[in-house]
Amino acid sequence: MLSKQQLQWFETLTQLDGVSGHEHQVAAYLRKEYEKLGVDEIIQDNLGSIMAVRKSKNPNAKRVMVLGHMDEVGFLVKEVTKTGVLKIHPVGGWFNQTLLAHRVRVTTRKGDIYPGTIGSIPPHMLSPEDRAKPIDIPQMLVDVGATDADDIKNMGIQPGDMIVVDGGFEILNGGKRLLAKAFDNRYGCVMGLDLLDALKDQELDYDLYVGASVQEEVGLRGAQTITQLIKPDLAIILDCSPAIDTMDSEALGKLGAGILLRMADGSMIATKDLIYKLQDICVEHDIKHQFYYSPGGTDAGIVHKSNEGIKTITCCVVARNIHTSGSILDTDDYTAAKEAIVRFMDSNVWSDVIV
């Protein structure tokens with residue numbers, strides 16, 4: 001069972017809206033929480049990625065960056081029709097069959113929020129041919145209750161405004177699992193806060209940078225700029241990957257099987273000396289872990305190629321139904337990931353790898 005503080009972080013961060021390019025609410029909350037944790041400095045780059053810094057007393061300290069991403073998949077208002085409904089532009093990867101009739105929130109440039117829904121035509125109003133076809137996102141319309149285009153204008157809604165599919169936070173099975181939108185990747189935001197709290201009373205031999213990037217879901221953009229700013233010697237990437245175990249208990253990516261040993265994905269082959277050290281820690285301390293491969297990627301894909309090349313490791317967990325409004329995360333996986341990361345950082349097991 002997670003602590004009251006961990007659950008509060010999860011609830012607050014998953015319920016904040018932050019589509020790629022619109023991460024301001026999330027960044028503001030993280031800044032407030034970083035300040036509570038008494039860090040030495042908070043920095044942001046020009047795209048909006050944010051980092052809390054704890055400085056070492058070691059004058060020759062290496063720089064360790066722990067990076068999640070704060071953006072989530074969503075939509076932008078693309079066009080307002082004469083009848084007062086909104087055409088939408090997808091931000092990040094969506095599967096169209098997860099969307100019809102879902103509730104949404106539209107946030108204007110002034111911060112006003114309007115609830116609405118993604119419209120769906122009743123099946124008996126469709127031809128047999130149309131019923132057999134999935135509706136693509138360009139044909140979907142968001143309805144916020146406006147009567148015409150002037151109504152939308154009076155609400156202050158315009159093209160470019162953020163739309164998020166609503167997914168409330170729920171504790172399932174007595175705290176064993178959590179249900180919400182945006183575990184990809186508010187998991188990384190929560191873990192960053194948790195690590196800062198866990199290490200706050202320790203004298204570190206390295207300068208610690210913990211934070212979150214913007215615009216990961218649209219091409220790892222924020223990770224590129226924040227890495228160039230910090231120039232870390234070691235990077236630990238936090239992300240939430242897809243669990244595909246609902247129909248196959250032997251599938252890669254299982255809820256409850258622990259932290260991911262992500263050996264390869266579409267953007268990076270694991271830095272072997274680091275991933276093996278993480279594996280050894282998990283085995284030595286009986287921490288749940290699982291091998292994982294993915295055709296997708298994480299911020300590690302751009303970070304490890306930055307500057308002259310950066311030693312990089314991913315410390316991810318899985319959730320079911322990511323990139324929907326109803327993803328499910330196992331709290332034992334989170335606890336396993338936290339223990340593995342803290343032991344990895346606390347023992348400096350990686351120090352002989354960094355040159």
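Aspartate 207 is buried (under 20% relative accessible area; exposed is over 50%, partly exposed in between, with a 1.4 Å probe and protein chains only), at a relative accessible area of 9%. Aspartate 207 sits in strand S12, residues 207-213. This is a predicted model: local features need pLDDT of at least 70, side-chain atom pairs count only at pLDDT 80 or more, and totals for chains, interfaces and linings use all residues. Residues are numbered from 1 along each chain as its sequence is written, and side-chain values use heavy atoms, with hydrogens and water left out.

- Tyrosine 293 lies in strand S16, residues 289-293; strands (E, at least two residues) and helices (H or I, at least four) are DSSP runs numbered from the N terminus.
- Tyrosine 293 is partly exposed, with 48% relative accessible area.
- Ile244, Leu252, Phe291 and Tyr293 make a nonpolar surface patch of about 410 Å².
- Patch residues have over 30% relative accessible area and no salt bridge; like charges are joined within 9 Å, nonpolar side chains (Val, Leu, Ile, Met, Phe, Trp, Tyr) within 5 Å.
- A salt bridge is a side-chain nitrogen of Lys or Arg within 4 Å of a carboxyl oxygen of Asp or Glu.
- Areas come from the Shrake-Rupley method with a 1.4 Å probe; for residues, only the protein chains shown count as cover.

**Largest pocket**
- The largest pocket holds about 280 Å³ of space.
- A pocket is an open set of points on a 1 Å grid over the protein atoms alone, where a 1.4 Å probe fits, with protein on both sides within 12 Å along at least five of seven lines; lining residues have an atom within 4 Å of a point.
- Its lining has 18 residues, with Asp184, Glu216, Gly296, Gly297 and His323 nearest the centre.
- The lining splits into 5 nonpolar, 8 polar and 5 charged residues.
- Strand S14 (residues 240-242) gives the most to this lining, with 3 residues.

**Backbone geometry**
- The peptide bond from aspartate 184 to asparagine 185 is cis, with omega near 5°.
- Asparagine 185 belongs to helix H5, residues 183-199.
- Alanine 182 has a positive phi of about 65°, though not a glycine.
- Alanine 182 falls in the loop between strand S11 (177-180) and H5, and is buried at 7% relative accessible area.
- Asparagine 307, also not a glycine, has a positive phi near 55°.
- Asparagine 307 is in the loop between helix H8 (300-303) and strand S17 (311-314), and is partly exposed at 37%.

Technical notes: Points joined across faces, edges and corners; volume = space filled by probe spheres on them. Nonpolar A, V, L, I, M, F, W, Y, C, P; charged D, E, K, R; others polar.
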